[in-house]
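Work through the exercises below with the sequence and the coordinates open. Each task is followed by a solution in steps.

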Amino acid sequence: MSQYIGAIDQGTTSTRFMIFDHSGNVVAMHQLEHEQIFPRAGWVEHDADEIIRRTRQVIDATMKSLGAKADSLAAIGITNQRETTVAWNKKTGRPYGKAIVWQDTRTGDIVNRLSAEGGADRFREKCGLPISTYFSGTKMIWMLENWDGLRADAEKGDALFGTIDSWVIWNLTGGANGGRHVTDVTNASRTLLMNLQTLDWDDDILAALDIPKAALPEIVASGSAEDFGVIRADTAVDGVAITGVLGDQQAAVFGQTCYGVGEAKNTYGTGNFMLLNTGTEIVQSKNGLLTTVNYKIGDKPAVYALEGSIAVTGSLVQWIRDNLDMIDSAPDIEKLAQTVNDNGGIYFVPAFSGLFAPYWRGDARGVIVGLTRYVNKGHLARAVLEATAYQTREVADAMNSDSGVELTALKVDGGMVYNELLMQFQADILGVPVVRPVVSETTALGAAYAAGLSVGFWQNEDELRNNWQVSKRWSPQMSADEREALYYDWKRAVRRTFDWVENS
């Protein structure tokens, strides 16, 4: 009998392969970073071929470290950075250009053009999303309009579009020699192109955006024993079936076992993403949140969510490290921030790619406000961390308004949840406890859970809930008056970012 479940976690900055046992514990993993490409201001790219190389490398290294053979894995799940888009030729397997990353803002003119024709929310009732540079559909339009030969190839079925899950699956299941061109409902719900009710590509939206349907992958359930195919890519896991695929934030929901209506999680990664389970009901936000598919397992009904997406959190720490050389490594930000007692009166609003939820302001750009001669690099480091907590508070407030349910605790995961100063400040500024699970890398765990449920490795959601255990809990220590005074100044700082890019 197979002892383990594997999970490919293809993220914005790195790729890793993790192996879990039946209790949800990590037994082996390997991780490799890939290049972040910034050819122009506002452009963010990845080399899709490099991502596939890294995927093969981490799989083989993990299996070798465990001394395991392919038959020790019951199945493999995949979780991926969402919205990042690839176009490739199905005969050669070669991309037409670099992958356009979810943070990229080059499609601003396309967004303006589409919004002028019917408003930014013209498709929201069907797809749950506003027209934005964030989503895959506008990236596809840019590719079709700028890459020679792509439209002709797409219309005759020789060019394929996909988010990173589709690109990885196609390559691992055979590539040009019969690779499966599929995506799951969670990734498809991030394109602007999928109808939330039918769970299929919407012909009216495709016609309005002039995107050829022949280039798009088949949409299937997030957990499926048959639809994703079997790996045959000259790796240590050849012959193992892919049976679960979830976009990274939905995977974190699944790994955090937020299966009940009203349960929420917040992931602290390159950006922050809070999701609230709304069950089988499609809830349209009135407060700047996104309506998205949470997951769909087999033949069961789809489960939906409200999502608050924040573009820049962990990547702000990377920016401090790489662009300003203030710290040597990301964890050093906490030590530097601890050299001061407060933010010295400054606020850092990192609207590098505009503002996502709950504002959706493409005209915004980053600001630091409140600077005086008193401020030092410790204050700046503290303001960097506090920016993540304030942005999360804004999303939580929007969720409370949309759902009518007050947040009583927040489950957290991702790389930043080991920053004690940030987690305590997050609890303080929310006014509710913040809870970290024992296994905090819940994106990979969620993909493993979806894959394992699909093949009977785990029998039901209750079995997965029993695996979830608390590692640490932070309770609020700040007075309500101080909390609201700090938050009031944060909101003032946010308003200073508006209208910087004219005609956006």
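**Exercise 1: the sheet**

The bridge partner of F17 in β3 is H30. The model is predicted: local features need pLDDT of at least 70, side-chain atom pairs count only at pLDDT 80 or more, and totals for chains, interfaces and linings use all residues. Residues are numbered from 1 along each chain as its sequence is written, and side-chain values use heavy atoms, with hydrogens and water left out.

Task: find how β2 and β3 run and how many bridges join them, then give the strand order of the sheet.

Solution. 
- Step 1. Strand β2 (residues 14–20) and β3 run antiparallel, joined by 7 bridges. Strands here are DSSP E runs of at least two residues, and helices are H or I runs of at least four, numbered from the N terminus. Two strands pair if DSSP finds at least two bridges between them.
- Step 2. The order β3-β2-β1-β5-β13 describes an open sheet of 5 strands with mixed pairing. β3 (26–33) and β13 (242–247) are the edge strands, each pairing on one side only. From one strand to the next, the twist averages 15 degrees.
- Step 3. Helix α6 (residues 164–172) packs on the sheet and touches β1 (4–10), β5 and β13, its direction making about 145 degrees with that of β5. α9 also packs on the sheet, touching β5 and β13, and its direction makes about 110 degrees with that of β13. Contact means heavy atoms within 4.5 Å.

**Exercise 2: a glycine in β5**

Task: decide whether G77 is buried or exposed, and list what G77 touches.

Solution. 
- Step 1. G77 lies in strand β5 (residues 73–80).
- Step 2. Its relative accessibility is 0%, so G77 counts as buried (buried is under 20% relative accessible area, exposed over 50%, partly exposed in between, with a 1.4 Å probe and protein chains only).
- Step 3. Leaving out residues up to four places away in sequence, G77 touches G6, A7, I8, G244, A447 and A451.
- Step 4. G77 and V245 are 168 residues apart in sequence, yet their C-alpha atoms are 5.6 Å apart in space.

**Exercise 3: an enclosed helix**

Task: state how many residues of α4 are buried and what the buried residues pack against.

Solution. 
- Step 1. In helix α4 (residues 136–146), 9 of the 11 residues are buried, so the helix is largely enclosed by the rest of the structure.
- Step 2. Among the buried residues are K139, W142 and L144.
- Step 3. The buried residues of α4 pack against β6 (85–89), β7 (99–100), α2 (108–118), α5 (150–155), β8 (159–163) and α8 (203–209).

Terms used. Axes fitted to C-alpha atoms, helices over the stretch in contact; angles between N-to-C directions.
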